[in-house]
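Hi everyone, thanks for making time. I've got one structure to walk you through today, so let me put it up on the screen.

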Amino acid sequence: MKATTSAEYPELFVLENGGETDKFNTAYYDGEAIVNRLIWHMDLHYTGKPNRGAILSAVHIAEEDGQTGFGDLAKAYTALPEHLKNKIADLEVAYTFEMQRIKWRFADNSGYEPGPFSPKKPADVGFPDFPDAVYPMVVTHPETGDKILEIVEQFLDRVIEPEKIGMSDAEADQLLHELVEHIRKPEFHYWHDWRIGDMVLWDNWRAMHCTTGTRVGIKRLINRTTIEGGHTLGRQLAVTE
Ligand SMILES: [Fe+2]
């Protein structure tokens, strides 16, 4: 979402801090301006067809901050108590593509303030509007067969038809809060401290990721190559007129 394409090598996305796009990607956290901080998400999740994976390659690193976090959602599923595994087995969850983090219903927005140039709508950063994407709450990984807890913080909006298992909307929201607390547990996370030349490959069907961002003016440059993959894990909700 924060990426621009390399002019020389169009298959590369260039993730850059300390450049011209900083002002659009700067927000405040407990009063401190941070560039390119992103909460737990999966790439292209809002399309219903997340890419298979990606490779990140560090060209220039920040001396402080700038870590990338990865979270294992197969491990998170396995660690769920049995009663929750049973409860979510046949449920679906909807994600709403929305540029403003303050509108992400399950983000922890305490201490968060958008920056003056934070995008307000998709067109502000050249994106179309996407309809909601819906996933089974437990996705079976197309290649490994592992069960994946399909819960990430970014864009998470609601349970689809919670009443079919006798849940009210309020109880469904409570369930999502509980699951988000679960995926935030450090035991599922790995934090990568970058060195120049590091190359990191991840399975975007299994792992969520996030970035801590950097302070204003700090240079960081990571190249990203995306692995497309041929499976659709979710579906897009039809837009009703
Ligand atoms: Fe990402």
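Let's begin at Val125, which is partly exposed, because 15 other C-beta atoms lie within 10 Å of its own, and the cut-offs are 20 or more for buried and 12 or fewer for exposed. Before I go on, keep in mind that this is a predicted model. Val125 sits in the loop between strand 9 (112-114) and strand 10. So what does Val125 touch, if we leave aside its neighbours within four places in sequence? The contacts are Phe24 and Pro119. There's also Met99, which is 26 residues away from Val125 along the chain, with 9.1 Å between the two C-alpha atoms.

Okay, zooming out. The protein chain has 3 helices and 19 strands. Its radius of gyration is 18 Å, close to the 18 Å that the globule rule gives for 241 residues, so the chain is as compact as a globular protein of that length. Of the 241 residues, 29% count as buried. And looking at contacts with a separation of 6 or more, 80% are between residues 24 or more positions apart.

Four strands make an open one, in the order 13-8-10-19, with antiparallel pairing. Strand 13 and strand 19 (235-236) are at the edges with a single partner strand each, so one side of each has no neighbour in the sheet. As a quick reminder, strands of a sheet pair through backbone hydrogen bonds, either parallel or antiparallel. Strand 10, residues 133-136, is joined to strand 19 by 2 bridges. If you want to find that spot on screen, look for Val134, which stands opposite Arg235 in strand 19.

On to the inside. Which residues have the most contacts inside the largest nonpolar core? That core has 35 residues, and the ones with the most contacts are Leu73, Val138, Ile148, Leu149, Ile151, Leu156 and Ile183. Let me pick out Leu149. Beyond its neighbours within four places in sequence, Leu149 is in contact with Leu73, Ala76, Tyr77, Leu80, Val138 and Ile183.

Ile183 takes us to helix 3, where the buried residues are Leu175, Leu179 and Ile183. Seen down the axis of helix 3, the buried residues fall within an arc of 75°, so they line one face of the helix. What covers them includes strand 5, strand 7 (68-72), helix 1 (73-78), strand 12 (147-149) and strand 13.

Glu161 isn't a glycine, but it has a positive phi of about 45°. You'll find Glu161 in the loop between strand 13 (156-160) and helix 3 (169-183). Is Glu161 buried or exposed? Exposed, because its C-beta has 11 others within 10 Å. Leu44 also has a positive phi, near 60°, in a residue other than glycine. Leu44 is in the loop between strand 5 (38-41) and strand 6 (53-60), and it is partly exposed, with 18 other C-beta atoms within 10 Å.

That's the tour, happy to take questions.

Technical notes: Residues are numbered from 1 along each chain as its sequence is written. This is a predicted model: local features need pLDDT of at least 70, side-chain atom pairs count only at pLDDT 80 or more; totals for chains, interfaces and linings use all residues. The radius of gyration is taken over C-alpha atoms; the globule rule is 2.2 Å times the number of residues to the power 0.38. Two residues are in contact if their C-beta atoms, placed from the backbone, lie within 7 Å. Two strands pair if DSSP finds at least two bridges between them. A nonpolar core is a set of buried Ala, Val, Leu, Ile, Met, Phe, Trp, Tyr and Cys residues joined through C-beta atoms within 7 Å. The arc is that of the directions from the helix axis to the C-beta atoms.
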